[in-house]
Amino acid sequence: MSGSVTSPGVEGAMGRSYARHSRVQHRADDFGMPLLHRALDAVALPRDGEPFRVADLGAAAGTNSLDPMRAVVDGVRERTGEDTPVTVVHTDILANDFNTLFATVMDSPGSYAHAPGVFVHAEARSFYEPLFPPGDLHLAWSAIAVHWLSRAPAPIPGHIFSTRATGDIRAAFKARSRSDWDAFLTHRARELRPGGQLVVLGGSCAEDGSSGAEALMDTADAALADLVRQGLITRDEHARMTIPTWNRTVDEFLAPLRAGPLTDVLRVEEYDLVRLPDIHLDHFRATGDARGFAEQVTAFFRAAFQPSLFSALDAERDPDEVERVADAFAAGLRARVAADPEAVETHWHVVPLRIARR
């Protein structure tokens, strides 16, 4: 969220400053672009002047959609040798800031949307639901989105992040993740045309189950505990605060594509496991600017995760009170990060995955 907080967040929604603080996600996109180019080389093209239809699943503010969708427009037209019409549908949950999304897509210099014969639409629904008619899509792209669950199955005792869950709670998160991923693939299998392509850049984890962000999440949780001690949030509010994500292992991504009914319609073409660099920490090491590092990390965290956390605040809180809580959280997180930048080193893991519709 931006510094102007007017209401508690919505679970799974991005903050209003996400467009300005999603460099980490944009860096991750780089590992999906080669797969997208190979998908464009392989995808079945439309015939008889029909438009090429592509879905951008989990678009958020649209900032990180510009390069992939430009690649789609250029790649299709390079293969057809003409200005083939291209329809792009950006999807996200209803709580997403679609005004910012359209402003980004339509107003950014050099946006793919400025090319002739390109038509931009949006779908305000979860990608764990049906989004398109059967056989409607030639290609679907999703980057750093499928680790968000349709809902958190339960609060995590003593923490905000799923990799810190244990026992039945951890099992519940894993089961919800499996159900959501099955639903995602089942709907895309129905919506893609034969010869269609699906490229997913999914939040993943190392073999030991760690996401690479545990230190950052521990620090954020400690900053929230400080707010409890200061009387700014209640213990019950803190206990309800949960980030509704699950970073799947490679095997969890591949399981429904290796056995079961989806193997009759979907085929895995390629996949990998990538450990991302910590671009903020690299900049700190080059400059020694601890305050700037803390500002970057705090802005990233708030934009990506604060809306989910603040959805746990009591509904009767007024906007000014929520803003004071947000400001106090930001100040506390910045102070903790600036005090020991190396302690919050973060290396997210992603799985670039390309799937073909048989």
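Glycine 75 belongs to helix α3, which spans residues 66–80; helices here are DSSP runs of H or I with at least four residues, strands are runs of E with at least two, and both are numbered from the N terminus. The model is a predicted one, in which local features need pLDDT of at least 70 and side-chain atom pairs count only at pLDDT 80 or more, while totals for chains, interfaces and linings use all residues. Residues are numbered from 1 along each chain as its sequence is written, and side-chain values use heavy atoms, with hydrogens and water left out.

Glycine 75 has a relative accessible area of 12% and is therefore buried; buried means under 20%, exposed over 50% and partly exposed in between, with a 1.4 Å probe and protein chains only. Although 37 residues separate glycine 75 from arginine 38 in sequence, their C-alpha atoms are 9.7 Å apart in space.

Serine 211 is found in the loop between β5 (192–204) and α6 (214–229). Because its relative accessibility is 0%, serine 211 also counts as buried. Apart from neighbours within four places in sequence, serine 211 contacts residues including Phe161, Asn247 and Trp348, where contact means heavy atoms within 4.5 Å.

The interior can be described through its nonpolar cores. A nonpolar core is a set of buried Ala, Val, Leu, Ile, Met, Phe, Trp, Tyr and Cys residues joined through side-chain atoms within 4.5 Å. The largest has 70 residues, and Tyr112 and Phe301 have the most contacts inside it. Helix α10 contributes the most to this core, with nine residues. A second, separate core has 27 residues, among them Trp181 and Leu185.

Helix α10 (residues 290–310) also meets helix α9 (residues 279–287): their axes come within 9 Å and cross at roughly 170 degrees. The axes are lines fitted to C-alpha atoms over the stretch in contact, and angles run from 0 to 180 degrees between N-to-C directions. The two helices are therefore roughly antiparallel, a term for angles over 145 degrees. From α9, the contact involves His280, Leu281, His283 and Phe284; from α10, it involves Ala290, Phe293, Gln296, Val297 and Phe300.

Helix α9 has four named features of burial: Ile279, His280, Leu281 and Phe284 are its buried residues. After α9 comes glycine 288, whose phi is positive, near 70 degrees.

Note on methods: Angles under 35 degrees count as roughly parallel, over 145 as roughly antiparallel, 65 to 115 as roughly perpendicular and the rest as oblique.
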